[in-house]
Amino acid sequence: MKCRVCRAPAVLDIRRHNAAFCREHFVKHCRDQVRRAIDDHDMISPGERVLVAVSGGKDSLALWDLLVGLGYEADGLYLGLGIDEYSAVSGRAARTFAGERGLRLREVDLALEYGYDVPGAAATTHRSPCGACGLSKRHVFNSVAVEDGYDVVATGHNLDDEAAVLLGNVLRWETGYLGRQHPILPASPGFARKVKPLYRLGERETAAYCVLVGIDYQVEECPMAEGNRHLGYKGALNALEDRSPGAKAAFVFGFVDHAHDRFADEAVAERDDLHPCVVCGSPTTSDVCAFCRLRERVGSRAVHAQ
Amino acid sequence: MKVVLRNPRREVEMPGPLTVAALLEQLHVSPESVLVIQGDTLVTRDARLSDTDVVEIRPVTSGGAE
């Protein structure tokens, strides 16, 4: 295959674009897609401080690299989840990336700061480890951004992530979640703005970007995510994509352009019900927020077990 | 050829020559879910792989967003 732009030998084909690219023009393609996502949704203004949610995986490191390459002032925040060797390798990847580029990586360790880790939370609550992980990440990334004056939190959600979440939300008609599923969530009292600048790039593209620009990322899958519902949705969507290239992009971009607004009122209504958590002050619809309830439950179990 | 697979990491021998597309089909791997790396570079699905090549099939699907 030849590069669509310069006719040099291609390194990656992207079937939904009916195109292949050489290294140079693939990197430009990634930058262009992120630039377009940011501009289309007014995600980040010049001079704003960005906090990148960094896991050490391909998406978050590609995102950080692309944002810095586009000229944004972006620090990283790595959250230690306590998932044994997986977390050790992920943390090393994040630190190496930041160190080699002279970027500021902040770190929060769940066990040290909050007294629990993801495996412990999953075992205690008998809930999905991904649920405890996602809840912890949302809380910590937002808290650090609000407390330390970052204008925006950028996450590495890609096109495949958004398609899988959208499929899950549509299958159950989770109208509140559909109202909040968007490339940008504006800031509101107690919440920093959240943006997903990679939502126009598939995860094959973010992985290829890392390989081609020399980013050493955590390649192994999280052992706690094995068999989860989200991966099942991705498998189903990839089967559709194999038969009909562009299906995932049409699904997500069509939702953003034509359907999201129909559910936006639900998200506004939920936001109007928010008030400060009596424990930590974060916005919640209950007296105590879900994060503090998780901490209390896991912490009390830990004490009981001693 | 030697084919390196991940999650879990393992190696299988496949007879060459083969295109990348044919290799993925024989291994029942969705082209949408992997990168194919030959040496230190990515290869497209029409690339021909010889009997002596070493290739890595690297999954790109990450989960966890529940």
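**Exercise 1. Describe the crossing of H5(A) and H6(A) and the residues that form it.**

Solution. H5(A) passes H6(A) in a right-handed crossing; a crossing is right-handed if the near helix is turned clockwise from the far one by less than a right angle, and left-handed if anticlockwise. The model is predicted; local features need pLDDT of at least 70, side-chain atom pairs count only at pLDDT 80 or more, and totals for chains, interfaces and linings use all residues. Residues are numbered from 1 along each chain as its sequence is written, while chains are lettered from A and ligands numbered from 1 in the order in which they are written. Helices (H or I, at least four residues) and strands (E, at least two) are DSSP runs, numbered from the N terminus.

Next, the geometry: the axes of H5(A), residues 118–125, and H6(A) come within 8 Å and cross at roughly 125°. Axes are lines fitted to C-alpha atoms, for helices over the stretch in contact, with angles from 0 to 180 degrees between N-to-C directions. The two helices H5(A) and H6(A) are therefore oblique to each other (under 35 degrees is roughly parallel, over 145 roughly antiparallel, 65 to 115 roughly perpendicular, the rest oblique).

Finally, the residues: Val118(A), Pro119(A), Ala121(A), Ala122(A) and Thr125(A) of H5(A) meet Pro129(A), Ala132(A) and Cys133(A) of H6(A), where contact requires C-beta atoms, placed from the backbone, within 7 Å. This contact has seven nonpolar, one polar and no charged residues (Ala, Val, Leu, Ile, Met, Phe, Trp, Tyr, Cys and Pro count as nonpolar; Asp, Glu, Lys and Arg as charged; the others, Gly among them, as polar).

**Exercise 2. Characterise the packing of H7(A) against H11(A).**

Solution. The axes of H7(A) and H11(A), residues 247–259, are 9 Å apart, at an angle of about 70°. H7(A) is therefore roughly perpendicular to H11(A). From H7(A), Leu159(A), Asp160(A), Glu162(A), Ala163(A) and Leu166(A) meet Lys248(A), Ala249(A), Phe251(A), Val252(A) and Phe255(A) of H11(A). By class, seven residues are nonpolar, none polar and three charged.

**Exercise 3. Which elements of chain A give two or more residues to the side that touches chain B?**

Solution. In total, 34 residues of chain A are in contact with 21 residues of chain B. The elements are strand S1 (12–14) and helices H6 (129–147), H7 (159–171), H9 (203–213) and H10 (229–243) of chain A. H10(A) gives the most, with eight residues. This side of chain A comprises 17 nonpolar, seven polar and 10 charged residues.

**Exercise 4. Is Cys289(A) buried or exposed, and what does it contact?**

Solution. Cys289(A) is found in the loop between S10 (283–284) and H13 (290–305) of chain A. Cys289(A) is buried, because 22 other C-beta atoms lie within 10 Å (20 or more is buried, 12 or fewer exposed, in between partly exposed, with C-beta atoms placed from the backbone). Leaving aside neighbours within four places in sequence, Cys289(A) is in contact with Cys277(A), Cys280(A), Ser282(A) and Thr284(A).

Definitions and conventions
Contact = placed C-beta atoms within 7 Å.
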